[in-house]
Amino acid sequence: MTDPFAAVPGAVVDDAGLQHVGSPLVEQRRLAAGAALAPRRDRAVIAVPGEDRLTWLDSLSSQALARLAPGVSTELLILDPQGHVEHAASVVDDGETTWLIADRADVEGLFGWLRKMRFRLRVDPRIADDEYAVVGGTAAALERISPASPSGVPLVWRDPWPSVAPGGHAYAPVDPHPGADRDWAEAIVTREEELRIADAATRGELELAGIAAAEALRVAAWRPRWSTDVDERALPHELDWLRTAVHLEKGCYRGQETIAKVHNLGHPPRRIVALQLDGSGSVLPEHGAAVRLGSVNSAEVGTEVGTVTSAALHYEEGPIALAVVRRTTPVDAPLTVDTADGPVAAAQETVVPPDAGATANVPRITRLSRRAAAQ
């Protein structure tokens with residue numbers, strides 16, 4: 001399918017969609033301020049119509065959905081029997097159909113699994129790619145476009161992160177959370193509306209931001225994402241995803257026993273950390289780059305304790321990353337990250353503390369910005 005945003009002046013488009021239209025740093029500012037929209041061809045839509053759709057999805061997923069009201073935004077995880085994350089989706093219902101927005105890399109897998117689990121229930125999931133696209137931005141920015149509303153309810157998903165949803169739990173021991181001021185929503189639009197947005201941007205009537213800008217704002221907010229931060233071993237606890245995607249008091253679902261045991265009796269084996277990277281270089285670490293103990297000036301290569309899951313150049317914080325490390329990695333240990341130009345220093349900030357789980361009530365600490373901490 002041809003990307004209509006390829007015709008926008010300055011657009012850099014690849015298989016994932018519009019990456020940027022000039023300076024990603026400038027686009028971040030505009031996106032955060034509500035002055036730009038971000039086409040998300042890296043996201044895809046699954047429609048789930050049918051009378052049994054909400055109770056069915058409730059029984060399959062980590063989220064309590066049986067009484068989800070039309071227009072209310074939430075998210076779900078599909079777990080394997082050992083509690084590992086297999087699929088993730090944003091969720092909004094319009095009273096007749098439940099709409100799932102998933103990372104495009106996962107949509108076929110999620111759809112295939114849903115189709116297999118229908119049994120005799122009144123549900124009929126379908127991938128709605130031919131009909132709909134996804135556009136992101138602040139809630140105010142999305143008011144400049146026309147979301148689809150096939151049943152009279154505008155299909156706009158407002159990201160609940162980092163609020164703690166009913167039945168959820170927060171591990172990050174910081175207040176305020178760095179994502180507290182993040183305003184992010186995603187609208188499901190018709191393909192005709194997508195073309196209208198592209199034409200308006202080509203004429204200079206709408207400002208656009210690329211995936212690179214949206215991702216930098218996500219990483220700065222410590223917001224986990226399936227396509228980057230999840231591997232075959234990932235537990236929701238490790239990513240602080242109990243906040244918005246897991247209801248700890250709902251009925252049975254696959255993987256629930258592990259969710260409860262880790263939260264109430266144990267600790268997740270790994271934990272996500274935020275990294276402030278040495279900004280003297282220009283090369284960001286790649287996905288999967290090794291995170292090691294020790295300083296850059298160490299005579300020996302340090303022990304590998306984890307891997308980078310997401311990295312970005314942020315317009316205020318500079319080079320930043322998310323990484324999953326061993327639970328036992330000391331929170332005050334100096335770290336380095338492998339890059340194509342050699343190791344770079346990485347200062348870690350605790351997202352999920354080592355005692356998360358059985359010792360779930362960790363004290364909150366005041367978070368200082370990188371700039372303030374340096375002064």
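## Burial and the R43–D103 pair

A residue is called buried when its relative accessible area is under 20%, exposed when that area is over 50%, and partly exposed in between. In this predicted model, R43 and D103 are both buried. The two form a salt bridge whose closest N and O atoms are 3.1 Å apart. Because R43 belongs to strand β4 (residues 43-49) and D103 to strand β7 (residues 97-103), the pair ties together parts that are 60 residues apart in sequence.

R43 and D103 also belong to a network of salt bridges, which links them with R40, D42, E186, E215, R218, R225 and D229.

## Other salt bridges

The count of salt bridges comes to 31. One of them joins E193 to R196, at 2.9 Å from N to O. These residues are 3 apart in helix α5 (residues 191-202), so about one helical turn separates them. E193 has a relative accessibility of 9% and counts as buried, whereas R196, with a relative accessible area of 36%, is partly exposed.

R126 and E131 form another salt bridge, with 3.1 Å between the closest N and O atoms. R126 is partly exposed at 32% relative accessibility, and E131 is partly exposed with a relative accessible area of 33%.

## The barrel

A barrel is closed by 6 strands, in the order β12-β15-β14-β13-β16-β17, with antiparallel pairing. On average, neighbouring strands of this sheet are turned by 40° against each other, direction ignored.

T307 stands opposite V324 of β15. Helix α6 (residues 211-220) lies across β14 and β15 and runs at about 130° to β14.

In soluble globular proteins, nonpolar side chains tend to be buried together. Here the largest nonpolar core has 30 residues, and those with the most contacts inside it are L77, V85, W222, V230, W241, I272 and V351. At least two residues of this core come from each of β5 (73-79), β6 (85-93), α6, β12 (270-277) and β15. Another core, of 21 residues, lies apart from it and includes I46, L54, L57 and A89.

L77 shows which surroundings a residue of the largest core can have. Leaving aside residues up to four places away in sequence, L77 touches S61, S62, V85, H87, A88, P236, W241, A245 and V246. Of these, V85 and W241 are also among the residues with the most contacts inside the largest core.

How values were computed: Residues numbered from 1 in each chain as written. Predicted model: local features only at pLDDT ≥ 70, side-chain atom pairs only at ≥ 80, totals over all residues. Heavy atoms only, no water. Pairing = 2+ DSSP bridges. Helix = DSSP H or I, 4+ residues; strand = E, 2+ residues; numbered from the N terminus. Axes fitted to C-alpha atoms, helices over the stretch in contact; angles between N-to-C directions. Contact = heavy atoms within 4.5 Å. Core = buried A, V, L, I, M, F, W, Y, C linked by side-chain atoms within 4.5 Å. Buried < 20%, exposed > 50% of the residue type's maximum accessible area, 1.4 Å probe, protein only. Salt bridge = Lys/Arg side-chain N within 4 Å of Asp/Glu carboxyl O.
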